[in-house]
Amino acid sequence: MNAQVSIDARRLAQLWQLSARARQAGGKAELGFIVVNETQALVPYRQAAWWRTDGVPAGSVAAVSGLPQPDPGAPYVQWLNAVCRALGRRRAAETEDTPDAADRLRPRAFAAADLPHELAAEWAAWWPAHALWLPVADARQHLLGAVVLARDEPFGADEVALLVELSQVWAHAFHAFEPQASLGARSLALLRQGKWRRRVLVALALLCAVPVPLSVLAPAEVTARDPFVVRSPLDGVIERLDVRPNQPVAAGAPLFSLDATTLASRDALARKNYDAAQEEYRQTAQLAVTDDKDRLEMAQKKGKLDASAVERDYAAAQLARLRVAAPRAGVAVFSDPNDWNGRAVSVGEKVMLLADPAHVELTAYLPVAENIDVKPGDALTLYPKSSPLVSYGARIDTVAYRAEPTPEGIVAYRIKASFTGAGTVPALGMMGTARIHGRWVPLSYYLLRRPLAAARQWLGW
């Protein structure tokens with residue numbers, strides 16, 4: 001193999017074509033048929049056979065040239081099996097002390113004299129004078145099998161070089177059809193030595209006992225603490241809003257107004273009734289000076305005048321309440337103004353909130369499926385969606401005893417928490433994710449908590 005090798009372009013093209021055919025094979029049987037039959041276009045021969053080991057030293061002949069499928073009981077196939085086994089054992093014995101695995105996988109020309117006497121006696125009946133043993137091994141130097149070629153003339157160095165290159169293509173193609181070992185099988189292969197197995201098992205046992213903090217994630221929002229609820233003072237229709245959402249307002253600033261059409265008419269009618277009652281009372285009082293009968297009627301007119309005065313004052317007071325002002329300073333918290341303009345409201349209905357931006361708290365919604373033993377005093381951390389590099393610490397104040405549906409349709413427990421630390425408090429209305437920190441538990445419990453809960457619900461433990 002150290003001699004100078006000269007290969008023409010035609011053979012290189014044929015090598016490329018056979019390599020493409022090997023890669024296009026649909027399975028091991030088709031690939032074996034290509035190996036023993038179509039290789040003749042590159043290197044002439046009379047007989048060829050593919051001997052496959054499949055990890056078993058005895059091996060078996062999987063393909064024979066000129067046959068679609070070999071018959072294991074045929075005399076020729078049985079003799080080929082015996083020849084390949086003898087060559088495999090002899091090659092292994094010759095290279096047992098060779099440190100280089102590549103030397104054990106080199107091709108080797110052989111003849112009848114290289115076989116045991118009982119096999120050499122039948123050589124002339126089956127094969128011509130010269131033969132070549134061509135091992136096929138994968139990238140890890142594991143023997144997949146061997147191709148044996150026989151013809152009347154010895155194999156040249158250039159032909160052997162081409163066959164060696166082609167055998168690497170075959171090895172890659174055969175390896176592609178091998179079943180891939182699972183992750184568990186590969187892990188067990190690494191633990192074949194008892195010492196390593198014990199070390200890994202001890203390490204896994206210690207790792208499972210490592211204490212870690214049990215924590216869950218929950219959607220959260222920064223809400224106002226003790227906000228003032230601005231409600232509708234009367235039944236009516238909102239005429240206009242004088243503030244915008246999240247607008248700071250001072251105490252006494254107008255917030256919204258109700259439609260005054262009905263109350264203005266009622267106030268005008270009450271004033272006219274009062275004026276009429278007042279005129280009637282004046283006339284009756286003048287006549288009562290000379291007539292005792294008119295004195296009795298004057299008392300009736302006085303009662304009517306007082307009633308109309310009450311109605312007038314009530315209508316005026318109701319009309320004055322149509323414009324709602326801020327009882328204290330804060331930020332107006334409500335939804336889109338277009339949702340309120342022209343909307344009918346009833347007395348006591350909430351329209352907006354007045355909140356202090358510096359006086360906020362955290363409201364988290366812990367889903368029922370993620371519930372852990374949460375109690376007041378536990379710590380949690382807010383990770384805002386708008387600021388991925390910022391976090392805020394908080395301490396739980398209250399935990400709802402009953403789960404309620406959230407606007408997203410998730411049944412969750414409402415948790416209220418106060419922010420800790422002297423830093424800047426988050427902005428009102430900020431959304432994010434809260435990590436609720438629970439007690440310390442073993443790592444195995446942390447990893448298996450949810451699978452065990454799901455299994456328990458499914459099995460009905």
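Ser 257 is in contact with Val 237, Ile 238, Glu 239, Arg 240, Asp 242, Leu 322 and Arg 323, leaving aside its neighbours within four places in sequence. The model is predicted. This briefing covers Ser 257, Ser 232 and Arg 435 in turn.

**Ser 257**
- Ser 257 belongs to strand 10, which spans residues 254-258.
- With a relative accessible area of 2%, Ser 257 is buried, because buried means under 20%.
- The side chain of Ser 257 is joined to that of Arg 323 by a polar contact of 3.4 Å.

**Ser 232**
- Ser 232 sits in the loop that runs between strand 7 (228-231) and strand 8 (236-241).
- Ser 232 is buried, at 3% relative accessibility.
- A polar atom of the Ser 232 side chain lies 2.6 Å from the backbone oxygen of Leu 234.
- Not counting residues up to four places away in sequence, Ser 232 touches Phe 256, Leu 258, Val 345, Ser 346, Val 347, Gly 348, Glu 349 and Val 351.

**Arg 435**
- Arg 435 is located in strand 20, residues 431-442.
- Its relative accessible area is 27%, so Arg 435 is partly exposed, as this value falls between 20% and 50%.
- Residues touched by Arg 435, not counting those up to four places away in sequence, are Ser 215, Val 216, Leu 217, Ala 379, Leu 380, Thr 381 and Tyr 383.
- With one of these, Ser 215, Arg 435 makes a side-chain to side-chain polar contact of 2.9 Å.
- Thr 381 is 54 residues from Arg 435 along the chain, and the C-alpha atoms of the two are 5.2 Å apart.

Definitions and conventions:
Residues numbered from 1 in each chain as written. Predicted model: local features only at pLDDT ≥ 70, side-chain atom pairs only at ≥ 80, totals over all residues. Heavy atoms only, no water. Helix = DSSP H or I, 4+ residues; strand = E, 2+ residues; numbered from the N terminus. Buried < 20%, exposed > 50% of the residue type's maximum accessible area, 1.4 Å probe, protein only. Polar contact = N/O pair within 3.5 Å; in protein donor to acceptor, adjacent residues only side chain to side chain. Contact = heavy atoms within 4.5 Å.
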